[in-house]
Amino acid sequence: MTGLAYKIVSRGDWTAIRASGGYDGSAVDLRDGYIHLSAQDQLAGTAAKHYAGRDDLVLLDVDLTVYGAAIVWEPSRGGALFPHLYGRLTTDSVRAARALTVTAEGEMRIGAAA
C-alpha cells in the first residue's frame, strides 16, 4: 500500500481543521467509525460519486506514515482496498491542501493551495 492518501473536505471544514489542529470526520465518517480516505487511483471515483457539482472543496494530501496501525486498508467499492483512518486526522499529516472543484459530470479540477 502507499504512504499517501487523500481526503476531500469542504472549505469550511478545512478552516476548522486548521484552527483546531485536527478533524474527527464528516457525518459519514463518524457514522462508520473511521475517516474515509482514498488512494490516488481511487480519488477520481470518490470525487465523482460523492462530490459532483461542488466548488467549495479542499483536497488534502495525507501522509499515512504518521498514523501507523491507525490506518487500515479495507474492502469497499467493488472490493477495492481503501485506506481508513481509525482516529483523528491531524494537521501535521497534511502535506498539501489545494482548492478542488468537481464538475456536475464528476471531473476534478484541482487549483492553487488552499
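Predicted model: local features only at pLDDT ≥ 70, side-chain atom pairs only at ≥ 80, totals over all residues.

S8 covers residues 94-102, and seven bridges join S4 to S8 in an antiparallel arrangement.

S4 also pairs with strand S1, which spans residues 4-10; these two strands are antiparallel and share seven bridges. Within this pairing, Ser10 has Leu57 of S4 as its bridge partner. S4 itself comprises residues 54-63 and is mostly covered, with seven of its ten residues buried. In general, the strands of a sheet pair through backbone hydrogen bonds, in either the parallel or the antiparallel sense.

## The hairpin of S8 and S9

S8 is joined as well to strand S9, residues 108-113, by four bridges, and the two strands run antiparallel. Leu100 stands opposite Ile110 of S9. Five residues lie between S8 and S9 in the hairpin that they form. In the turn of this hairpin, Gly106 has a positive phi of about 95 degrees.

## The three-stranded sheet

An open sheet is made of three strands in the order S3-S6-S5, and its pairing is antiparallel. Strand S3 (35-36) and strand S5 (71-75) are at the edges with a single partner strand each, so one side of each has no neighbour in the sheet.

S3 is connected to strand S6, residues 81-85, by two bridges, and these strands run antiparallel. His36 has His84 in S6 as its bridge partner.

## The largest pocket

What volume does the largest pocket hold? The space within the largest pocket amounts to about 360 Å³. Of the 19 residues that line this pocket, those closest to its centre are Val28, His36, Thr46, His50 and Tyr51.

The elements that give two or more residues to the lining are S1, helix H2 (27-32), helix H3 (40-51) and S6. H3 supplies the largest share of the lining, five residues. By residue type, the lining consists of seven nonpolar, seven polar and five charged residues.

Notes: Residues numbered from 1 in each chain as written. Heavy atoms only, no water. Pairing = 2+ DSSP bridges. Buried < 20%, exposed > 50% of the residue type's maximum accessible area, 1.4 Å probe, protein only. 1 Å grid on protein atoms, 1.4 Å probe; cavity = no way out; pocket = protein on both sides within 12 Å on 5 of 7 lines; lining within 4 Å. Points joined across faces, edges and corners; volume = space filled by probe spheres on them. Nonpolar A, V, L, I, M, F, W, Y, C, P; charged D, E, K, R; others polar.
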